[in-house]
Amino acid sequence: MRDLNNVILTGRLGKDIELKTTGSGKYVTTFSLAVNFDDKTDWILCKAWDKAAEALSKFSQRGDHLTIAGRLVTREYEHNDETRKITEVVVDRIVFPDRKSEGIPPASDYKEQMLPDADSDELPF
């Protein structure tokens with residue numbers, strides 16, 4: 001049996017998106033999504049690449065309601081000669097539920113990777 005690493009979150013965007021470009025010309029953005037549960041707000045760190053990052057920068061702003069799907073990734077980096085570890089959601093798909101009537105193309109235009117259909121033999125369970 002294969003492992004499964006899928007995350008689906010609905011929350012509000014913590015600040016306006018800052019679209020950046022890597023040295024190789026790929027779009028990337030890192031943002032926080034405020035997810036409320038049992039009167040508690042969790043701030044979830046998220047990263048989007050290429051078309052998903054571009055769509056976020058064009059069609060969202062601070063406070064917007066978003067649904068994202070992706071996978072959890074843990075990475076390490078150096079800061080002041082100290083190794084730090086961070087976990088974030090790498091976004092594969094975005095839905096803009098509050099903006100359906102504003103002419104935004106379907107979320108399928110921004111997905112970088114599709115999950116297999118429920119009837120597919122590729123499901124890990």
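**Close-up views of a predicted chain**

Of the 125 residues of the chain, 30% count as buried, meaning under 20% relative accessible area, with exposed set at over 50% and partly exposed in between (1.4 Å probe, protein chains only). This is a predicted model, in which local features need pLDDT of at least 70 and side-chain atom pairs count only at pLDDT 80 or more, while totals for chains, interfaces and linings use all residues. Residues are numbered from 1 along each chain as its sequence is written, and side-chain values use heavy atoms, with hydrogens and water left out.

**View A. Order of helix and strands.** The chain has one helix and six strands, taken as DSSP runs (helices H or I, at least four residues; strands E, at least two) and numbered from the N terminus. Read along the sequence, these elements follow the pattern β-β-β-β-α-β-β.

**View B. The largest nonpolar core.** This core, a set of buried Ala, Val, Leu, Ile, Met, Phe, Trp, Tyr and Cys residues joined through side-chain atoms within 4.5 Å, has 20 residues, of which F31 and L56 touch the most other members. At least two core residues are supplied by each of β1 (7-13), β3 (27-37), β4 (40-49), α1 (50-59), β5 (65-79) and β6 (82-95), and the largest share, five residues, comes from α1.

**View C. Surroundings of L56.** Leaving aside neighbours within four places in sequence, L56 is in contact with I17, T29, F31, A48, L66, I94 and F96, where contact means heavy atoms within 4.5 Å.

View D. The chain has six salt bridges, each defined as a side-chain nitrogen of Lys or Arg within 4 Å of a carboxyl oxygen of Asp or Glu. E88 forms one with K47, the closest N and O atoms being 3.7 Å apart; because E88 lies in strand β6 and K47 in strand β4, the pair ties together parts that are 41 residues apart in sequence. E88 also meets R75 in a salt bridge (2.9 Å, N to O), and this pair ties together parts of β6 and β5 that are 13 residues apart in sequence. Through shared partners, salt bridges join K47, R75 and E88 into one network. E88 is buried at 3% relative accessibility and K47 is buried at 14%, whereas R75 is partly exposed at 32%.

**View E. The pair D92 and R71.** The side chains of D92 and R71 meet in a salt bridge (3.0 Å, N to O); D92 lies in strand β6 and R71 in strand β5, so the pair ties together parts that are 21 residues apart in sequence. D92 is buried, with a relative accessible area of 9%, while R71 is partly exposed at 30% relative accessibility.
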